[in-house]
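Here is a walk through one structure, taken a part at a time. Keep the sequence and the 3D view at hand.

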Amino acid sequence: MVSSERRKDANQINDEKSGNETSGQKATVIEFPSALSVRELSDLLKVSPVDIIKRLIRAGIMANINQVIDFKTAAAIAADLGFEAHLSKHVAGANAHLSEANKQSAQKADQTTGLLPRPPVITIMGHVDHGKTKLLDAIRSSNVVDSEAGGITQHIGAYQVDFNGQKITFLDTPGHEAFTAMRARGAQVTDITVLVVAADDGVMPQTLEAIDHARAAGVPIVVAINKIDKPGANPDRVKQQLAEVGLVVEDWGGDTVSVPVSAKDKKGISDLLENLMVVAELQDLKADPNKPAEGTVIEAEMDRTRGALFTVLVSSGTLKVGDMIVVGENWGRVKAMFNDAGKRVKKATPSTPVEVLGLSNVPGVGDVMTVVEDEKAANAAIEKRHHEIELETAVARTVSLSNVFDQISKGKVKELSIILKTDVQGSIEPIKTSLEKLSSDEIKVRVIHSSTGNVNENDIMLAIASKAVIIGFNTEAEPGAKGAAEREGVSLRFYNIIYNMVDDVTKALKGMLTPTFVEVIDGHGEVRAVFTAGKKEKIAGVFMTEGKVTRSSSMRVLRGKQKVYEGPISSLRRFKDDVREVASGFECGIGVDSFTDFQVGDGLEFFRNEKSG
Ligand code: GDP
C-alpha cells in the first residue's frame, strides 16, 4: 500500500534533479569546507549517501560513508547534482579542522586496531523458482576472480567476483533455510542479502519469509528484480508489493536498493554488483588481516581420496598453509588450501572462502575455526569450547513464555520476539497488533515473522537464531518441527482463542504464567512374570519392548484397553541390582509401593512430564 503521495515525492525529487542537471537553470550555490566526509556531504546536499557513493564509485573512488573526501571531489559531485560549490573560509576553518581531526583519528584507530577494508559477503534468498541459482551462475560466469579459460575446475560453497578491482564474496547456498540454519548455530557470516523476486510472479510467501529472516538477522536487503526479459514482467508491481511490506525502493523515495536483472540474458549483473559495493561501503566492513585467522565452516565432507575437507570463510586474520587450526572439537595443521577455482593457494585473507585439507575428522557446518600456536594451545582451545557449550546449555539458549520474565528481570532480554503462525491470513494483522500492544518500557513485544500454515522446521531455525517463541493460532506443528523444537528447547504454544493467547503473553511478561507440562513417552514394556518379594510386595518381571524406563519414570499399567494403574514406580532392578535405566530388549524387575496387582500380559507405558513453553 504505497501512498501515491510518496510516489509523487520521489518524482518531484527526480524532476528537480533532472531540471538542475539538464535544463541549464541557475545552479544552487552551496558552501563546503576544504575536506568533508561522505556523510557530511550527503547532509549538506540532502542527497542519500548511497547516491553519493555510487557517483564516487563511477569516478573510480571507493569511499565508505565515513571517508573524508577533498573539496575538489565534493565539488565535482555537487556539480553533477546541480549545485555550485564554493570553498567556505568561515565554516571551512572549523569544519575542515574537524574533518581533518576525524581523518587523523580514524587513521590512528586503524593503525592501532589494524583494521582494513574487507570484501562484503553476500547471500541470495527468495521464492523458489525466482532464479536464485541462475543468478548465482550468471554472477559467477560474469567474472570469477582467478578463473581461467576453460572455466571453473572445482566448485566450493562460495566464490568471489571482481568488481572494479574490488572483490565481492557470494555464498553459494541460496535460500533463507541455509542462512538461518547457520545463524541458529551462532554463525552469522552474511553482510548483505540479495532478495531475488521474479518480475513476472511478484512477491510470494517465501519472499516474505526471506525478508523476515534477513530482518531478524539485521542484514540489509538489496532487491534483484529478476526475469525482466519475460513478456509478463512487471517490475512496478513488484515494487508496489515490496512497499506494502515496508521495503520501499529508492526510485519510490525509500532507501531499499533495487536492480532490474535478467539472470537468463545476464543483463543488469554489473549494475547489481555496483549496488552491492555501495551498500557494502555504507556498512564500512573491516577486518584485521595481520593476525592469526578466524573463520566459519560453510561446508564439509569426507572426500574418498583426499580425506576430510572443509570450506572455511575467513572472517579475520590470514589463514596460511602450515597453520595449526582448531575447528569445533577437532584440530590439525593446514596441509593444503584451494580457492574457489580449485587452485592451490598459500594464504587466505578476510572474507575469502578456501577449501582446507588437514583435519582427520569432518567438522560441522557453522563450526568456528581458529588458528592456534601449538598443540597445547589447541587442547586448551578445545577444552574452553567444551566449557562454553556446557555454559550455553546451562544458561538456556532459548526463550520461552514461562522463562521470559526471569530473563527480563535478569536484564538478559529486552525484547520478546514472536513467530506467529495462523490458519488464515485474516487473523495475522489483528493478532500481531494485539500482541505488539503489550510492549512496555521494560520489554518490547515484536512479531518477527508471521505467516499461514503449520509450524515448520524453518520456523524452528528462525526461533533458535533469533531467540524467539512460536505461537500458533488454529494451527499445529509439523511432525519434523515438533521433534526439532523438543530437541532444541524451542517454545511452542498453540491457541484457538485470541483472548487466551493475549492473556498468556500478558501473564508471561509479568512472570505470572505457570508453565504447561507435556507428557513425553519414554518407552514400553510387557509383564512376563510376577514375583513375590518380602511379605506382600509384588515385583513385575518386565521385558522392555521399546525405548527405555528410568527410575524417575512414571508408569501406566494397561490390561487390554483398561488402565489399572498410573503413577510413579518405586524400584527398578536388573537381577539384584538397583539400576538407573533399562533399555529396550532387556529384562528388569519393577516394583510399585501402592500397586501389587500385576498380571502376566499387562502392557506398560513409561512416561515423564516435561515443562513446556
Ligand atoms: P531458484 O529456485 O530460485 O534457484 O530458481 P532457478 O535459478 O532454478 O530458476 C528457476 C527457473 O527460472 C529456471 O527454469 C530458470 O532457467 C528460470 N530463470 C531464472 N532466471 C531467469 C531469467 O532472468 N529469465 C528467464 N526467462 N528465466 C529465468
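Which residues of α14 are buried? They are Asn458, Asp459, Ile460, Leu462, Ala463, Ile464, Ala465 and Ser466. Buried means under 20% relative accessible area, with over 50% called exposed and partly exposed in between (1.4 Å probe, protein chains only). Helices (H or I, at least four residues) and strands (E, at least two) are DSSP runs, numbered from the N terminus.

A word on the source: this is a predicted model, where local features need pLDDT of at least 70 and side-chain atom pairs count only at pLDDT 80 or more, while totals for chains, interfaces and linings use all residues. Residues are numbered from 1 along each chain as its sequence is written, and side-chain values use heavy atoms, leaving out hydrogens and water.

Back to α14, residues 457-466. Eight of its ten residues are buried, so the helix is largely enclosed by the rest of the structure. Asn456 caps its N-terminal end: a side-chain oxygen lies 3.0 Å from the backbone nitrogen of Asn458. Lys467 follows α14 and has a positive phi, near 50 degrees.

Now the ligand. It is surrounded by 15 residues, and the closest are Asp129, Lys132, Thr133, Lys134 and Asp229. An N or O atom in the side chain of Thr133 is 2.5 Å from an oxygen atom of the ligand. Backbone N or O atoms also come in: one of Asp129 lies 2.7 Å from a ligand oxygen, and one of Gly131 lies 3.0 Å from a ligand oxygen.

Next, the aromatic rings. Rings of Phe, Tyr and Trp (its six-membered ring) pair if their centres lie within 6.5 Å; planes under 30 degrees apart count as stacked, over 60 as edge-to-face and the rest as tilted. By this rule there are four aromatic pairs. Phe32 and Phe71 have ring centres 6.3 Å apart and planes at 70 degrees, so they are edge-to-face. Phe32 lies in strand β1 (residues 28-32) and Phe71 in helix α4 (residues 71-80), so the pair ties together parts 39 residues apart in sequence. Tyr159 and Phe170 are stacked, 5.7 Å centre to centre with 25 degrees between the planes. Both Tyr159 and Phe170 are buried. Tyr565, Phe595 and Phe598 form one aromatic cluster.

Technical notes:
Near = heavy atom within 4 Å. Polar contact = N/O pair within 3.5 Å; in protein donor to acceptor, adjacent residues only side chain to side chain.
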